[in-house]
Amino acid sequence: MRAVLWLAAIAVAFAAADTYVVVLALPDMMAGVGLSIEELQRAAPLISGFLLGYVAVLPLIGRLADLLGHLPVLVGGLVVFALGSFLTALSWDLAAMVVGRFFQGLGGGALVPATLALVAALYPVDRRGVPLGLVSAVQELGSVLGPLIGAVVLALADWRAIFLLNLVVGVVLAVAIRRLGRTDTASGRSGRPDLIALLLLLLAGVAFVLLAIEPTALVQDLTWGALYVPAAGSTRWLTPLGLATIVATLGCLLKWALQPGVRRVLGRISAEVDLLGALLLSIALAGVILAFATADPEVAVFSEQGTWYLVAGGLALLGFVFHLRRAQDPIVPRGAFARMPAWGSVLVSFFVGAALVAALIDVPLFARTTIYGDSQLKAALVLLEFLVALPVGAIAGGFLTRRLPAGVIAGGGMLLAAVAFVFMARWDADALRSFAATVVLVTGGLGFGLALAPVNAAILATTEQSMHGLTTSFTVVARMVGMLVGISALTTLGLRSYYAAQADLPALSSVCTGGGMCEEYQDLLIGAAIAQEHTVFAGAAVCAAIAAVLAVVLLRGAPTRALSPSETVTAL
């Protein structure tokens, strides 16, 4: 079973890498569906769609992991991730690509809580620190591998190859985990494959591929070309091939759902899972995600449309709270977060995410503003100093969790991160040329890494094992929401500093006497941009400091340590 854990950790790393790959490949993806770089706002659903799938239904997936077992959710998550990669790779318009990205997020999000819960199932409380640190380390390693994988693939092929690679890796890992899991648990023989369902799936796949690539010979053929003529409108989904894809897919799902084993599982889910509560919670989370993911930080923390998303999310949250009080077996069981370290871990995760996103986004921006100009690759390499230190800190935090209180380790780590941000907020235009900047970045990465394992260990140690999938999903949700809120709020504050600094600049004619933009005035504009980044880093330092204080206060009492010999005698 521990071999399965390692495969699950690799899957988590690969899904995390996909997030950062997309950031690098986004301009090419936009061009692939007919969008220019000036239409960046229209491409926002490629990011928000992924986040929506990753976060909004995560509590439900966590509950399913507790109910059905961690291995089925891991395998299912990888299959859905592979399906989303397949759809994204063959997308011909923005709508199809957004759907693919949603399924990628849905599958990738399912991997984290299932893997963390699997650690809790395999290791006793006092021995979870190291494996939790390793899982956190490989997850953050994905942020290092993502840009590298993307750069290599884009150098050899186009952006679609990235998602085809995801498809292959997802399928291989799903098959390997299923086979190893069946061997370790001796779960018995599986039934015969449903040949009709497989045939329908193959038909749907072939029709979709032909629909996506539109072979010239077929399209221009007088007979076969009719397969590409829409019955109404201009969308490809209403062509005979599009309709065949839809009908074959629905037929495959229906045939699969009618299998006796699947019917039993679906019946159990409908009987034991609070689907109404899960729906209300998903709508509430979706409202928050869309409100901040669609925001234009140059205008406000969230857009005017985002206000309505928040209103809808707030109403759903009120309905969810009311439902919890009346439901017999709610999606979040009463008392699930009764102990302080449990709900404290969720709160700490929120502020960790709000601070972390400032490093991930604004360190490369600072590098481009000051020394690397338009070289996105060189600016991204500066962040590697931070990202390489982060998994090292995660493993160290896992080791320390066996000897020190979780709150002390997490609080100390976030204090290191806060100190690093304080130094970043004082960087000048030449700061990144010095070794001192490397020390600051490594310190910040180590600090964030130290906090990851103790936070997860605290929530696992203070919640029932039957709820570990659900409870750990909330720490992932909190961290992702914190990142969304943090980047929106901190960028808005930073831009206000930029505009204020720009307003104080002298007139261009008073600085540049020869006409046009001179070097002296460019330096003044760089100074205004640095003021923006200083504000962001200062705000991130505040978020990290809040996380440090909350960790020390709220995570105390979490029984995550191995007892020392003297403590063992006292306990006896």
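Predicted model: local features only at pLDDT ≥ 70, side-chain atom pairs only at ≥ 80, totals over all residues.
**Core**

The largest nonpolar core holds 127 residues. I noted the ones with the most contacts inside it: F386, M414, F421, M424, W427 and F448. Which helix gives the most to this core? I found that helix α14, residues 340–372, does, with 16 residues.

Next I picked M414 and skipped its neighbours within four places in sequence. What remains in contact with M414 is V352, G447, F448, A451, A544, A547 and A548. I also logged a second, separate core of 17 residues, with V21, L26, V33 and M97 among them.

**Salt bridges**

How many salt bridges are there? I get three.

I looked at R236 and E214 to begin with: they form a salt bridge, and their closest N and O atoms are 3.5 Å apart. This pair ties together distant parts of the chain, 22 residues apart. I placed R236 in the loop between α9 (216–219) and α10 (240–257), and E214 in the loop between α8 (195–213) and α9. E214 is partly exposed, at 32% relative accessibility.

Then I checked R268 and E272, whose side chains meet in a salt bridge at 3.2 Å, N to O. Both sit in helix α11 (residues 260–272), and because they are four residues apart there, about one helical turn separates them. Is R268 buried or partly exposed? I have R268 down as partly exposed, at 37% relative accessible area. E272 is partly exposed as well, at 33%.

My last pair was D430 and R433, with side chains meeting in a salt bridge at 3.5 Å, N to O. R433 is exposed, its relative accessible area being 58%.

Methods. Residues numbered from 1 in each chain as written. Heavy atoms only, no water. Core = buried A, V, L, I, M, F, W, Y, C linked by side-chain atoms within 4.5 Å. Buried < 20%, exposed > 50% of the residue type's maximum accessible area, 1.4 Å probe, protein only. Helix = DSSP H or I, 4+ residues; strand = E, 2+ residues; numbered from the N terminus. Contact = heavy atoms within 4.5 Å. Salt bridge = Lys/Arg side-chain N within 4 Å of Asp/Glu carboxyl O.
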